[in-house]
Structure formats: C-alpha cells, structure tokens
Amino acid sequence: MDASPSADASAKADPLSVSVCVLASGSRGNAIYVSDGCTAILIDAGLSGIEIQRRMSAKGLDPASLDAILVSHEHADHIQGVGVLSRRFGLPVHISDETRKASKKMLGKLAAIRPFRCGRSFSIGDLVVHPFSTSHDAVDSAGFTIRCNGSKVGIATDLGIATSVVKTHLQACDILILESNHDDRMLIDGPYPWPLKQRIRGRSGHLSNEDAATLLSTLQHDRLAHVILAHLSEENNTPDIARKTIETVLQGSSTKLHVACQMNGCRLLTLEL
C-alpha cells in the first residue's frame, strides 16, 4: 500500500483509494471529509454551510459531490451547518434517534433522515460505517470506523475516556483521527473555572495529549499510515506540545503524524491501494 498525502485533489478520490480531510477541528467547529472515489461524505458539519463550502473548495473538493452527512452528536460545534447543507444539496443525514431529538431545533428540516444505532454497521454507498459509543457528555455520542476499498478509517474525538469499546473498534486502522484535546498542566494552570476544568478532564469530557498517547500505543501497527490529532484546545494545548507528546509513541514507525487545527484543519490525505 502506497500512503501518500496529496494537496491536489478532484471532487472525489481516484478509484481504489481512500481520501480523508479534516476541514475544521476544535470547539469552534468540526467537519471531516471522507471519500473512496465513488462515495463522499461529511462527518459532522459544525461550521456555517458557507464556511464548509469555502473550506472544501479551498482544498479542491466539490461540495456538490457529497452524498451524505454523518452526525456524531448534538453539540453545536458538530451540527451548526448540517441542516443548511442537507437542504442546499439534498443530502441525507445519518443520525441516531436520540441525537436527532436533541438537535431538532438547530437542524431544522432535513432533506432525508437515516437513523442509525451505535453498534450496528450500515452502508453509505460503498462506505461501510460502524458507529460505536463514546463517553462524551451528549445524549448518544458516537465515534466511527469507515471501511472502504480494503482500508479502515477511525474517527474518535470528543472521547471523554478511552473505553474498551473505543479501543476495540479502533484496532487495525489505516488512517486514525484521534482526539488530543489538552495538555493537562496547561489546563490545570489555565484561566478556566474549576468546574469547567473538571468537566474537560472527566469521564465525559475530552482526551488529554497524554491519554491520547496511551491509547495510540495500544493501536499502533505496521499498516497505520496516518494519525491526525484533532480537537485541540486553543487555550489549553498547542500543536507543538501535542505533536511532541504523541511522537514518542510513533518513534521507529513509518506512521505519518499530522495535527489538525481549528482554522485550517489539515491537508487532504490519500491512501492509494
């Protein structure tokens, strides 16, 4: 398998490949693009519809080529643009019943609703999606694995803690998008009120750099081509600190490490099979 990042891409990936692009990641908005060359989806749309279209276009991706939106949970930084994009492009929205009920007012009318349940796989075109439960403070928070063209993409942000379910489902990924939200010392010494610090550090909050490194150490394997660190706090973390913490786990491996930021996400990555 030739793992090569590409900044130049057509609307969808070439056949027999999988492409992933984090368009935005953080508390001010999240969106991830995944395509296998035939089917293209967004996982979450937590920016305005116009901004997501702008970011896709800037990376050579055509918003009109999308086939669906997949929603992880109801927090505004994950669903702000879902309704707009669904209506504008006629996109079905794959969302759990509990999440849809909790976000109904913000989502508005959707072009189509495709309910899913954590623990049950389903298909979107050629993509096989498996949603799994996470411990974030939402009504039915989900992470995802996506299988296509013999590859596996894992998406796990807003984790709270790395449960045994999370560890099981993220095994054997070729591309892994992993939460690395905060540096624990920066958070403790920072300006946030103590209750908020406790929430972030708690079982239903966000994964620290150190916890992300510990989780990654259980997931590292020879075929893991790319790890993208995501949902970094702009107040309690820096890309350099997150990268240095995680690099210790990847020493001696061929895995490429990337850091997705709030403003620019990260570049398009394509695995050619």
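Reader: Before we start, what should I know about the model and its numbering?

Author: Welcome! The model is predicted, so local features need pLDDT of at least 70, side-chain atom pairs count only at pLDDT 80 or more, and totals for chains, interfaces and linings use all residues. Residues are numbered from 1 along each chain as its sequence is written, and side-chain values use heavy atoms, with hydrogens and water left out.

Reader: How many helices and strands are in the protein?

Author: Helices (H or I, at least four residues) and strands (E, at least two) are DSSP runs, numbered from the N terminus. Here there are nine helices and 15 strands.

Reader: What does the radius of gyration tell me about the protein?

Author: It is taken over C-alpha atoms, and the globule rule is 2.2 Å times the number of residues to the power 0.38. For 273 residues a compact globule would have a value near 19 Å, and the 17 Å of the protein agrees with that. The C-alpha atoms fill a box of roughly 45 × 45 × 35 Å, taken along the principal axes.

Reader: What percentage of the residues is buried?

Author: Buried means under 20% relative accessible area, exposed over 50%, and partly exposed in between (1.4 Å probe, protein chains only). In the protein, 55% of the 273 residues are buried.

Reader: Let us look at one residue. Where does H258 lie, and is H258 buried or exposed?

Author: H258 lies in strand β14, residues 256-259. H258 counts as buried because its relative accessibility is 8%.

Reader: Which side chain makes a polar contact with the side chain of H258?

Author: A polar contact is a pair of N or O atoms within 3.5 Å; within protein, one must be able to donate a hydrogen and the other to accept it, and residues adjacent in sequence count only if both atoms are side-chain atoms. For H258 the partner is the side chain of H226, at 2.9 Å.

Reader: And where is H182 found?

Author: H182 sits in the loop between β12 (175-179) and α6 (184-189). With a relative accessible area of 2%, H182 is buried. Its side chain has a polar contact of 3.0 Å with the side chain of N181.

Reader: Which residues does H182 touch beyond four places in sequence?

Author: Contact means heavy atoms within 4.5 Å. Among the residues that H182 touches are L187, H206, E210 and N237. H182 and L232 are 50 residues apart in sequence, yet their C-alpha atoms are 6.3 Å apart in space.
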